[in-house]
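Please look over the sequence and the structure shown here before reading the briefing below, which goes topic by topic.

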Amino acid sequence: MAQELSFLLNETEIHLTEVGSRDTLLDFLRLNRRLTGTKEGCAEGDCGACTVLIGRLLDGRLHYEPINACIRFLASCHGCHVVTVEHLRGADGGLHPVQAAMVEHHGSQCGFCTPGFVMALYGLWMQNPRPDIGAIETALQGNLCRCTGYEPIVKAAFAASEAGGQNMDALNVERERVTAWLAAIPKTRVDVARGDDRAILPADAADLAQVLAEHPKATIVAGATDVGLWVTKFLRNISPAVFIGHLGDLKKIELDRDQITIGAGVTYSEFEPFVLQHFPEALDYWQRIGGWQVRNAGTIGGNVANGSPIGETPPLLIALGATMTLRSTGGTRELPVEDYFIAYGKQDRRPDEFVESITVPLKGQARIAAYKVSKRHHADITASAAAFRVETDGTTIIDARVAFGGMAATPKRAANAEAALNGQPFAAETFEAAARAVANDFQPLSDWRASAEYRQQLAANFFRRFWLEQSGGDHRLRRVE
Amino acid sequence: MKQDVTIKGAAHTPIIHDSAIKHVTGQADYTDDIVEPTGTLHAYLGLSTVAHGRIRSIDLEAVRKAPGVHLVLTAEDIPGVNDICPNGLNDEPLLASSEVQFHGQPIFAVIAETRDLARRACQLARIEYEELPHVLDAISARDAGMPYVVTPLKLARGDMSELERAPRRIEGRLTVGGQEHFYLESQVAFAIPGEDDEVTINVSTQHPSEVQHMVAHVLGVPSNAVVVNVRRMGGGFGGKESQMNPFACVAAVAAKRLRRAVKLRPDRDDDFAITGKRHDFVIDYRFGYDDDGRILAVDADFYARCGFSSDLSGPVTDRALFHADNAYYYPAVELRSHPLKTNTCSNTAFRGFGGPQGVVMAERVVEDIAYALGRDPLEIRKLNLYRNGQLTPYHQEVEDQILPRIFEELEASSDYHARRQAVLDHNARARERGDAIRKGIALTPVKFGISFTKTSYNQAGSLIHIYADGSIHLNHGGTEMGQGLNTKVAQVAAEALGVHIDRIKITKTTTEKVPNTSATAASSGSDLNGMAALDGCRQLVKRLTAYAAQAHGVPPETVSIGETVRIGTKAMPFEEFIQAAYLARVQLSAAGFYKTPKIHWNRDTGQGRPFYYFAYGAACSEVSVDTLTGEYVIERSDVLHDVGRSLNPAIDKGQVEGAFVQGTGWLTSEELWWDDKGRLRTHAPSTYKIPLASDRPRIFNVKLADWSVNRENTIKRSKAVGEPPFMLGISVYQALNMAVASFNDYRENPRIDAPATPERVLMAIEKLR
């Protein structure tokens, strides 16, 4: 067991023995290291002003992606390369192509959001040298600018792409050295504290089970896209916190003939290519989860385990008939994802258990769809969401599963609506009947995201939308052309 | 004076923002980035947890004993006056003592070793309240007999009996939402105590002199003891014109008490809770018009949610009335403001300053007519445009109307008429086939009055030093919040002195150099400070020219100051000339001054010339609406906007684009939602949704009307740009309205209230379906 946290910060090796579970990366950067280029705009992962790159080894390969430093816990940076705007420079020591493009295209006005935009664009520039407008807008979902109206920033993104130069970029030039340095950090349990605020990083999944057996009251922290706010907004004590985002054995994605098993630590971004390949109908839905930084940090396992009534992934997983595996030192058990959600804030997980994986049956011949509505199209929490999995024998519906988020205290299937579909002709009237029936499935709340009436109307309209799409024709807004 | 070299960065050139490189490298210092002196402490505010109540008891024992706590401040600890009201009405305590008037009102402050410790300690307070009934919105306030926070305004002109005689009449109610500024840099103040009664405050503010006055007032010291510095803000938008006061004042009081530097930066959620926002309005209107669609008489009541105190609600609600005509002539008119007190944060300045809310009503009137008559709303707009010589409701003559030309050019460049037909065709097809996507298009104008309506604010100063090495230090009373003011003023100075702009260092705004400044607000920054800088530069040029002529024995007409100074037949570099001038004991420093001519305003009579001139613009926007969810996208927006002769076309275009998107945010996804306890539940970007990159118009053609020249003698004949284009976002709002109207074959105006969230759009569709 190590009692030291190790990571690289730009060019500096950092070793820390006194780290609390609540310490955020942003405070460390700004207060301890005086790297003030990284800004705090919201402290909840919604504005992107604190965007930095995190480099991690995935299957031995060094991978950089932007994340929000404000809700990233320092402890979870163990074994990573943290890259801030101060590290960004051109091969000649001048401006980096991304920075030069932002200057040339007047991409900054007040400048406060700018370092965050630069870092998100840097991440995009490295990952995708020839982004189209859709890729640029997707990469910028997690960055708010209140001054420019974004047009010059989008132009700068294209210009940076034109400028190229990825091979000469410092992070690529130094890739081998950084990879070796990170790989040399021993894969043992890390246990550090600041006073009585304690952070534990298990060595592997088996060790995680052991840690939870030792500390049944521990807070499990994966991507921290929700737990981060418990600390930054509600000042909650999460000690002892067990950090699991680094565990390679929770990051596996295994494809069988008819199912995919997703390790609980797989992030939304890591799974996105599989969505594209196996559930392309849900890609738009997937890219509406958080912003890019949130999808780079947040995990599917964490999203499910957390038990939010809105879910994001649970409606989709439930509609697809996914199961989940929970693990403890006593072994593993499986249950359907829909059974995990017992009531608001109450899930079927013992304190010593953790979500190990989620298994999703491939869709086969079934027709699927996933819809989400929110006040703003991207990076907004769902007002109402629905996922469909409908099997027909050509003319008749033989199996319909429709699950909703934002409509009840938990993500939940629409029993009445499903009953109105099952065994009925695959036809407009059937979906119209289901649209009426779903009114009896939920008694949604009115809140700042949506009124109950609107949620009910959306629920009904999702059935109409599903039919319209299945019967041909183009009925959805295209965000990007 | 002639110049024989082309200088870098002259006026009218599109140079980059002076801080652009510092922005992209993270080297630009904001208030929270300034290096802290040893021993800096951090303050945090404890807030009311009820919307209205008498404070029964405040128990702060646990707070005082919390780890790292040095001091707890309550109202009793304020050495001067417990008031931060910016207008003299004394209705806004810095810290509430006996009564709290909104959820989130500051009651006490904790000063501790770290911000985190101060924040945690705040949670330990035990405050008991006797809860009193609270009123949250303007109509409830009216019905409950809540007082006005300031004297209302009435504007009247013409014979209102025309309203009853009009062949056609319409009345309606328009609800238009407020808006959170969401400056990316939240409020922050950092006070450093000095000797005797002195204190220096670094603060993110648009109004350093206001901070100076308030801190002096709260400390009970003269203004000469207080220095306020602002290098730059991470956005302001009006939210830092008066709303920085509580933070600056608490930091200053704590710093003086403890004789240590004290910083105060609220969490974003607390910033939302404490600080005021754009006023939301309920507008009841009645108007008469003729069969051609000509407006004959307009009568309207503007009910505004002002919050618990007056703040800037007087001039904001006044400006709503000033712009209730937008670009249209009302032959007879009566407009009344109702600035109502509510138990919410005190609403304040926000880009447009009430004007946008007035403009929305004018556009509603036009659309009501268009739908009633079955006409293209653009025809009604054009029919009712002001002609020069006509009087506004405040009796100012319109003299500079250019909208007909703007319309003509924009109709052509946006291909409005063909595209409107295509939209109509699309919707007809969609109706026939049951398609889910409907479209809408609208072309809307803006006319915006430029000047502070408080005439005394229309003054500015500058201070320019030329050092003996030829480097130039430029200072003025305006503040930089991203709008490029410093760049534009430096361009003016560079041109006036005939030197390259990189010779000029733009420095922080400080009350030590230019006193008694106005807020950088009302779009006035460049107009006022550019002129003040020009005045200073002219003094220097005059002085240097006289010296050169005298020293070299040549006529002054043969002298030109610049990078190369020419004196008769001689030429020398600027540095050499300045060195000689210094040695000859020529004063190389000048204070410039400017006050806007021609303007006057009598609020009691509702008459005058409050505005020096008008800025104009128009936008055409097309939207697609998903009629199953109410979601939408802006397919295309074309903008043609008037900034006179632009001081910097790149910066001005950035202002137009940014204002447009901010305006669309106000009218679409940005919704403020208070629960029945008076808690603002849209409290941070997680719940309050400003536009993203993917929300901007898919095609966005923004042009400046490069032929426009301000007919008034403004700085280089430019026009103000900060606020006017904000209202161009209304084109999106009206386009959404049209898409919805397609469900009723455009027979009636769907009258979607603002913001037109997907929910409001869908519910409006369902009503018509």
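A salt bridge is counted where a side-chain nitrogen of Lys or Arg lies within 4 Å of a carboxyl oxygen of Asp or Glu. By that rule, the count between chain B and chain A is 14 salt bridges. This is a predicted model, in which local features need pLDDT of at least 70 and side-chain atom pairs count only at pLDDT 80 or more, while totals for chains, interfaces and linings use all residues. Residues are numbered from 1 along each chain as its sequence is written, chains are lettered from A and ligands numbered from 1 in the order in which they are written, and side-chain values use heavy atoms, with hydrogens and water left out.

**Chain B against chain A**

- Contact, meaning heavy atoms within 4.5 Å, joins 87 residues of chain B to 80 residues of chain A.
- The two chains bury about 6,900 Å² between them, with 54% of it on carbon and sulfur atoms; buried area is the accessible area (1.4 Å probe) that two parts lose on being put together, summed over both.
- On the side of chain B, Val24(B), Leu184(B) and Leu692(B) supply 11% of the area buried against chain A, more than any other three residues.
- Glu137(A) and Arg696(B) meet through their side chains in a salt bridge, at 2.7 Å from N to O.

**Domains of chain A**

- The domain assignment, which is automatic or from a database, divides chain A into domain 1 (5-86 + 175-243), domain 2 (97-168), domain 3 (248-361) and domain 4 (367-470).
- The centres of domain 2 and domain 3 of chain A, taken over C-alpha atoms, are separated by 31 Å, and nine residues of domain 2 are in contact with six residues of domain 3.
- Between domain 2 and domain 3 of chain A the buried area is about 550 Å², of which carbon and sulfur atoms give 48%.
- Within domain 2 of chain A, Thr138(A), Gln141(A) and Gly142(A) lose the most area to domain 3, together 59% of what that side buries.
- The count of salt bridges between domain 2 and domain 3 of chain A is zero.

**The second largest pocket**

- A pocket is an open set of points on a 1 Å grid over the protein atoms alone, where a 1.4 Å probe fits, with protein on both sides within 12 Å along at least five of seven lines; its lining residues have an atom within 4 Å of a point.
- The second largest pocket is lined by 41 residues, of which Asp27(A), Leu31(A), Asn32(A), Thr114(B) and Asp116(B) lie nearest its centre.
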